[in-house]
Amino acid sequence: MSGFSVTEPSKRQKWIAGILVITYAVVTLMPLLWIIATGFKSPEDSISYPPKVIFQPTLEGYVNLFTTQTRITPNMKDTLAEPDSWYEQIVRDKNMVIAGPSRYGQRFLNSVIIGFGSTFLSIFLGTLAAYAFSRFKVPIKDDLLFFILSTRMMPPIAVAIPIFLMYRQLGLSDTHLGMILLYTAVNLSLSVWLLKGFIDEIPLEYEEAALIDGYTRFQAFYKVVLPQAATGIASTAIFCLIFAWNEYAFAVLLTSGEAQTAPPFIPTIIGVGGQDWPAVAAGATIFLIPVMIFTIFLRKHLLRGITFGAVRK
Amino acid sequence: MAQIIIKNLRKDFGDFTAVKSSSFTIEDGEFFMLLGPSGCGKTTTLRMIAGLEMPTAGEVFIDGEEVSQKRASERDIAFVFQMFALYPHLNVQQNISYPLKSQGMPKAQIKVKVAEVAKILGIEHILNKPVGGLSGGDRQRVALGRAIVREPKAFMMDEPLGALDAEFREHMSQELRTLHDQMGATTVYVTHDQLEAMQMGDKIVVMNHGSVEQFGVPQDIYDWPATMFVANFIGSPSMNFLHFEGTVATGDTSISFDGQSFDIPAQLSTASGKLVMGVRPEHVVLQDDSAYRGEVTATEYLGTTQIVTLDTPNGILKARTPATQVANVGDTIGLDFNPRTITLFDETTGEALLSKANKGVLDHG
């Protein structure tokens with residue numbers, strides 16, 4: 001028997017493999033589970049030692065996350081009417097009243113606008129550029145592609161100060177447009193290169209067949225090439241969104257109010273009247289959800305093999 | 001349906017000339033073969049007719065209209081690709097109806113048309129299947145269906161059988177030919193397989209290094225090759241070349257080398273120096289009383305015939321003889337040639353010398 005032959009693994013081997021996979025999954029999922037659990041703990045439980053695995057779940061963290069609160073004196077408490085909702089009750093039990101909504105919702109919305117906006121723009125521009133590089137005779141094509149790639153060769157934060165000054169001059173500081181443009185610029189090299197690879201793999205004959213069948217070049221592009229490139233577009237979009245969504249350094253530097261995204265905002269929740277870890281954890285948990293949904297939504301496109309067999313190789 | 005005229009068509013890719021000034025005419029309804037080895041410019045020529053490449057110079061007339069600078073979509077021709085190029089995200093029915101959709105044909109009418117075509121091709125049962133899982137033959141039929149559904153002026157086919165198994169290719173080539181005869185549409189077909197070209201074509205253009213070597217009906221090209229390239233490329237085994245130094249003059253009806261004299265068709269030109277006598281294997285006669293002799297180096301038994309390979313003073317020679325003829329390796333056998341079928345070539349130019357026998361063929365093209 002040669003060392004490379006494929007054999008059915010024995011029962012023992014399967015057991016070992018299973019244990020390894022489960023161990024790995026537990027190790028990687030642990031911090032995530034910890035964050036989600038902390039979001040449902042009371043502030044006391046969240047800092048108790050030894051840490052509590054079993055605890056009385058509460059939505060206090062989430063209420064704190066979405067509201068601003070004011071302390072009241074016991075006298076004042078008696079004069080107030082009974083709270084008419086479950087979240088007011090939670091706040092009242094701590095001798096507080098809700099003063100208004102917090103800025104988290106707004107920051108979260110900023111993240112959505114900037115994250116998805118820059119992802120859309122990166123994919124839109126990236127697909128067109130990748131198609132052109134893949135299909136047309138572009139003068140100094142290799143140099144241009146290298147130039148595009150070279151923008152990735154240093155950490156973007158190295159140019160943070162010039163960008164900061166430039167943005168201030170141009171009035172792009174703390175604006176949605178400014179952040180969308182910035183993240184698009186950073187992501188574009190990735191999207192052009194990834195998408196060019198995917199489009200290169202689509203045989204030219206499909207477009208030629210469409211041209212012969214009476215379609216224009218642009219129709220051939222969006223009716224034939226785009227559906228073929230769906231896999232590549234989906235995976236590239238996920239990469240772009242994850243970068244824009246998680247980006248912290250530029251967000252701290254360039255946004256402070258209007259266009260501040262969630263990552264620089266979440267840490268600021270700590271510190272107002274004690275360390276409110278459940279509220280931070282709640283903020284982080286909600287922050288995870290959009291990327292998760294987006295990835296699950298595009299998952300079926302990530303499965304390769306849609307084009308398999310249509311062109312004989 | 002249309003006549004296609006190619007005039008001085010030329011295509012350069014940078015410094016490389018893929019097609020050098022080709023001219024030929026494809027008559028209405030003809031099954032026309034573009035034949036040549038890979039890299040000879042046959043596919044480029046086809047793509048220029050179809051509008052997938054723009055010629056550097058020259059003209060293409062389809063149905064009397066000059067179209068060389070028009071887009072493929074404006075030429076009303078269909079193209080069958082070697083790799084089929086079925087749209088992988090559409091099913092069979094959608095693939096076939098795609099060209100009709102671009103014309104804006106109403107849905108009901110498209111359905112009728114697709115059903116009609118599916119019936120002709122015998123693919124009604126797979127209309128709703130995705131193209132991914134189809135067999136090679138079915139993919140080929142779908143590709144044909146997509147081509148014929150719009151009733152174009154002409155069909156372009158780029159080695160459409162090249163991706164099929166040898167066994168199935170035979171079957172499909174018959175199907176194609178039958179389909180062509182049914183529809184009577186002008187078809188331009190690219191192949192590197194000389195046998196396929198001879199079997200299927202009404203006419204053949206043989207190309208080499210971007211130039212047209214010869215153009216005519218299969219039998220003329222087989223019997224009276226215009227160049228040594230054509231003689232060598234067509235036929236299996238190919239034409240034998242006996243190399244010698246000598247002189248022929250107009251009116252000569254025999255030629256001699258190595259002290260032997262051979263009858264040849266009456267010559268119409270004069271040449272001297274390095275010459276070649278070309279003779280097809282089936283026109284070599286093994287005959288022991290002949291003074292010109294060769295030594296048998298191999299025999300291949302083919303059932304009713306055999307191929308006998310002989311070493312002669314003027315080069316290797318292959319003879320196709322009845323299988324019953326005795327020829328053993330090591331024997332020295334006398335050889336004779338059927339004089340009516342001999343072509344002489346000038347070895348330096350590679351061109352055939354004009355004789356009374358090949359004049360009719362070589363003059364027209």
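The model is predicted; local features need pLDDT of at least 70, side-chain atom pairs count only at pLDDT 80 or more, and totals for chains, interfaces and linings use all residues. Residues are numbered from 1 along each chain as its sequence is written, and chains are lettered from A and ligands numbered from 1 in the order in which they are written.

Chain A is assigned domain 1 (43-102) and domain 2 (105-302), the bounds being taken from an automatic or database domain assignment. A distance of 38 Å separates the C-alpha centres of domain 1 of chain A and domain 2 of chain A. Their contact involves 10 residues from domain 1 of chain A and 10 residues from domain 2 of chain A; two residues are in contact if their C-beta atoms, placed from the backbone, lie within 7 Å. On the side of domain 1 of chain A that touches domain 2 of chain A, α2 (43-46) and α3 (60-66) of chain A each supply at least two residues, and α3(A) provides the largest share, six residues. Helices (H or I, at least four residues) and strands (E, at least two) are DSSP runs, numbered from the N terminus. This side of domain 1 of chain A comprises six nonpolar, three polar and one charged residue. Here Ala, Val, Leu, Ile, Met, Phe, Trp, Tyr, Cys and Pro count as nonpolar, Asp, Glu, Lys and Arg as charged, and the others, Gly among them, as polar.

The contact between the chains takes 21 residues from chain A and 23 residues from chain B. On the side of chain B that touches chain A, β6 (77-80) and α2 (92-102) of chain B each supply at least two residues; α2(B) gives the most, with three residues. This side of chain B has 16 nonpolar, seven polar and no charged residues.

A nonpolar core is a set of buried Ala, Val, Leu, Ile, Met, Phe, Trp, Tyr and Cys residues joined through C-beta atoms within 7 Å. A residue is buried if 20 or more other C-beta atoms lie within 10 Å of its own, exposed if 12 or fewer, and partly exposed in between, with C-beta atoms placed from the backbone. The largest nonpolar core has 134 residues, and B:M156 and B:V188 have the most contacts inside it. Helix α9 (residues 176-200) of chain A gives the most to this core, with nine residues. Another core, of 17 residues, lies apart from it and includes A:Y104 and A:F265.

In helix α8 (residues 160-170) of chain A, one of the 11 residues is buried, so the helix lies largely in the open. Just after α8(A), A:G171 adopts a positive phi of about 75 degrees.
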